[in-house]
Amino acid sequence: MGRKKGLPEFEETAPDGFDPENPYKDPVAMVEMREHIVREKWIQIEKAKILREKVKWCYRVEGVNHYQKCRHLVQQYLDSTRGVGWGKDHRPISLHGPKPEAVEVEAE
């Protein structure tokens, strides 16, 4: 048994005939757009999982120095998880990120 020579190729861009104002105009383009969105979400989720595994590995290897040594990985992981997942499409982007810092106002 040998390996197959070619791998299936997928379109990486959104379908050309999709109209966001009237999505039901072309049902085939609507289904292709939905598949495109689902594929992109799964890619984002898998990237976040890979970064999470890298953060776990870095924490174990670095021990007590993980605050300095793993900071860039943690920041990448947090950035990759913002707005990722199901059901977060219609929420404002301000709710996806970390909570804003409270600003203290001095009384005069």
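I began with the cut-offs: a residue is buried under 20% relative accessible area, exposed over 50%, and partly exposed in between. I kept in mind that this is a predicted model.

**Entry 1: Glu 53 and its partner**

I looked up Glu 53 against those cut-offs. Its relative accessible area is 41%, so Glu 53 is partly exposed. I then looked for its partner. The side chain of Glu 53 meets that of Lys 56 in a salt bridge, 3.7 Å from N to O. Both residues lie in helix α1, three residues apart, about one turn of the helix. Lys 56 is partly exposed too, at 40%.

**Entry 2: the other salt bridges**

How many salt bridges does the structure hold? I found three.

I took Lys 49 next. Lys 49 forms a salt bridge with Glu 46, and the closest N and O atoms are 3.4 Å apart. This pair also sits in helix α1, with three residues, or about one turn of the helix, between one position and the other. Lys 49 has a relative accessible area of 34%, which makes it partly exposed. Glu 46 comes out at 37% and counts as partly exposed.

Then I went to Arg 82. Its salt bridge is with Asp 79, with the closest N and O atoms 2.5 Å apart. Arg 82 is partly exposed at 32%. Asp 79 is partly exposed at 41%. I noted the general point: side chains of opposite charge can pair when their charged atoms come close.

**Entry 3: α1 against α3**

How do helix α1 and helix α3 pack? I read α1 as residues 27–62 and α3 as residues 71–81. The angle is about 155°, and the axes are 9 Å apart. That angle makes α1 roughly antiparallel to α3, because angles over 145 degrees count as such. The crossing of the two helices is left-handed.

I listed the contact residues next. From α1 come Ala 48, Leu 51, Arg 52, Lys 54, Val 55, Cys 58 and Tyr 59. From α3 come Leu 73, Val 74, Gln 76, Tyr 77, Ser 80 and Thr 81. I sorted the residues of this contact by type: eight are nonpolar, three polar and two charged.

**Entry 4: Pro 27**

Last, I looked at Pro 27, which lies in helix α1. Is Pro 27 buried, exposed or partly exposed? Its relative accessible area is 47%, so Pro 27 is partly exposed. I also checked Pro 27 against Gly 17. The two are 10 residues apart in sequence and 9.9 Å apart in space, C-alpha to C-alpha.

Note on methods: Residues are numbered from 1 along each chain as its sequence is written. This is a predicted model: local features need pLDDT of at least 70, side-chain atom pairs count only at pLDDT 80 or more; totals for chains, interfaces and linings use all residues. Side-chain values use heavy atoms; hydrogens and water are left out. Axes are lines fitted to C-alpha atoms, for helices over the stretch in contact, and angles run from 0 to 180 degrees between N-to-C directions. Helices (H or I, at least four residues) and strands (E, at least two) are DSSP runs, numbered from the N terminus. Angles under 35 degrees count as roughly parallel, over 145 as roughly antiparallel, 65 to 115 as roughly perpendicular and the rest as oblique. A crossing is left-handed if the near helix is turned anticlockwise from the far one by less than a right angle, and right-handed if clockwise. Contact means heavy atoms within 4.5 Å. Ala, Val, Leu, Ile, Met, Phe, Trp, Tyr, Cys and Pro count as nonpolar, Asp, Glu, Lys and Arg as charged, and the others, Gly among them, as polar. Buried means under 20% relative accessible area, exposed over 50%, partly exposed in between (1.4 Å probe, protein chains only). A salt bridge is a side-chain nitrogen of Lys or Arg within 4 Å of a carboxyl oxygen of Asp or Glu.
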